[in-house]
Amino acid sequence: MPELQDIFAQHGEAYQVEHRLPPDQQKVIRAIRNCRTAALGGHVDECDECGFVRVSYNSCRNRHCPKCQTLTKERWIEARKDDLLNVGYFHVVFTLPDLLNSVAYQNPKTVYGLLFKAAAETLSELSADPKYLGAQIGFTGVLHTWGQNLMHHPHLHCIVSGGGLTSNGRWVNSRKKFFIPVKVLSRKFRGKFLHYLKQAKLEFYGSIVHLQEQSRFQDWMSTLYQKDWVVYCKPPFKNAGYVVEYLGRYTHRVAISNQRIVNLKDGMVTFKWRDYRDNNQQKEMRLTADEFIRRFLVHVLPTGFTRIRHYGLLSPRNKATKLKLCKRLTKTVIRTSPIAKLSALEFLEKLTGRDFTVCPCCGMGHLRASPEQGIA
């Protein structure tokens with residue numbers, strides 16, 4: 001089966017010649033194309049029993065590469081287990097209207113930053129209101145910018161604690177259904193986001209250059225105020241174990257996995273996608289390699305942009321104090337010793353129960369770094 005790397009290897013160079021790309025996108029194409037190839041160097045392992053030699057090339061470790069996220073994701077999940085409380089959790093999704101897509105693409109750092117800010121303030125302020133909960137909650141936000149068809153669809157997944165810490169140090173559980181009505185969330189989120197957007201320094205060019213005119217910008221903003229913004233809440237998780245499993249599905253996902261790519265032939269890419277508007281049916285989409293690459297690159301985030309953020313009880317300044325108190329109040333098991341830092345091979349063995357140093361040839365010896373090794 002073809003992979004994303006094959007698409008970039010065959011068509012990436014031509015795409016870069018025909019399209020003027022920002023450095024972030026050029027870097028992603030180069031990283032994915034070179035991942036686990038001689039271009040990035042590598043090392044040689046030799047069996048200490050039979051002499052079998054295995055050459056391993058280095059990974060690109062780019063966060064947009066589908067090959068490089070599995071281990072990072074598992075390490076992240078392992079670290080998050082220590083943050084979970086013995087309470088229910090909710091999954092809330094904040095989505096930006098399609099009308100904002102072009103502006104978001106041209107101003108990703110600003111718009112995605114405002115998405116986090118508006119959603120976080122919406123959840124924090126409403127949960128602190130005695131009308132809904134009257135407490136400080138803990139939640140994690142994960143940014144996704146894609147839909148199943150690879151089109152631009154910025155939205156924020158939030159995993160929210162089903163309860164919080166009151167100002168006098170008591171734990172209060174939320175109702176079984178999400179404690180803030182979705183319409184209230186939606187309107188407050190819309191108001192906050194657009195308030196901050198009006199103050200932001202934005203660039204408009206190409207198809208939206210007309211928004212440079214103040215009157216046209218005001219009309220566009222009025223349309224956004226009149227739209228109903230989508231905020232979606234899923235039912236609560238059964239227990240903390242489900243939360244970890246769910247987080248794993250969302251945190252380190254890239255725009256498309258290699259498993260979804262079906263075919264690469266005659267300059268056309270075919271991939272599987274799920275059509276949520278048609279009863280969640282799985283379908284196949286066929287695009288030119290040029291259009292496929294264009295869609296994929298839309299989801300390249302600015303260098304240094306943090307796409308997973310923690311708030312409230314889970315924020316760095318509260319973890320050592322308030323989160324510890326919440327663990328006691330919710331009868332959550334508290335880890336007494338720090339998490340041991342494992343090597344990549346040790347961590348893989350812990351996950352799979354398989355020793356990856358065992359020689360695949362003789363099955364008795366172990367692969368060790370060859371003393372003459374080094375692949376430049």
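Predicted model: local features only at pLDDT ≥ 70, side-chain atom pairs only at ≥ 80, totals over all residues.
Residues are numbered from 1 along each chain as its sequence is written, and side-chain values use heavy atoms, with hydrogens and water left out.

Student: How many helices and strands does the chain have?
Tutor: Helices (H or I, at least four residues) and strands (E, at least two) are DSSP runs, numbered from the N terminus. On that basis the chain has twelve helices and 13 strands.

Student: What percentage of the residues of the chain count as buried?
Tutor: Buried means under 20% relative accessible area, exposed over 50%, and partly exposed in between (1.4 Å probe, protein chains only). Of the 376 residues of the chain, the buried share is 46%.

Student: Where is Asn280, and what is its phi?
Tutor: Asn280 sits in the loop between strand 10 (268-275) and strand 11 (281-288). Most residues other than glycine have a negative phi. Asn280 is not a glycine, yet its phi is positive, near 60°.

Student: Is Lys331 buried or exposed?
Tutor: Lys331 lies in the loop between helix 11 (322-329) and helix 12 (344-352). Its phi is positive, about 55°, although Lys331 is not a glycine. With a relative accessible area of 70%, Lys331 is exposed.

Student: How far apart are the mean positions of the positive and negative charges?
Tutor: Lys and Arg count as positive and Asp and Glu as negative, with His and the chain ends not counted. Each charge is placed at NZ of Lys, CZ of Arg, CG of Asp or CD of Glu. For the 56 positive and 32 negative charges of the chain, the mean positions are apart by 10 Å.
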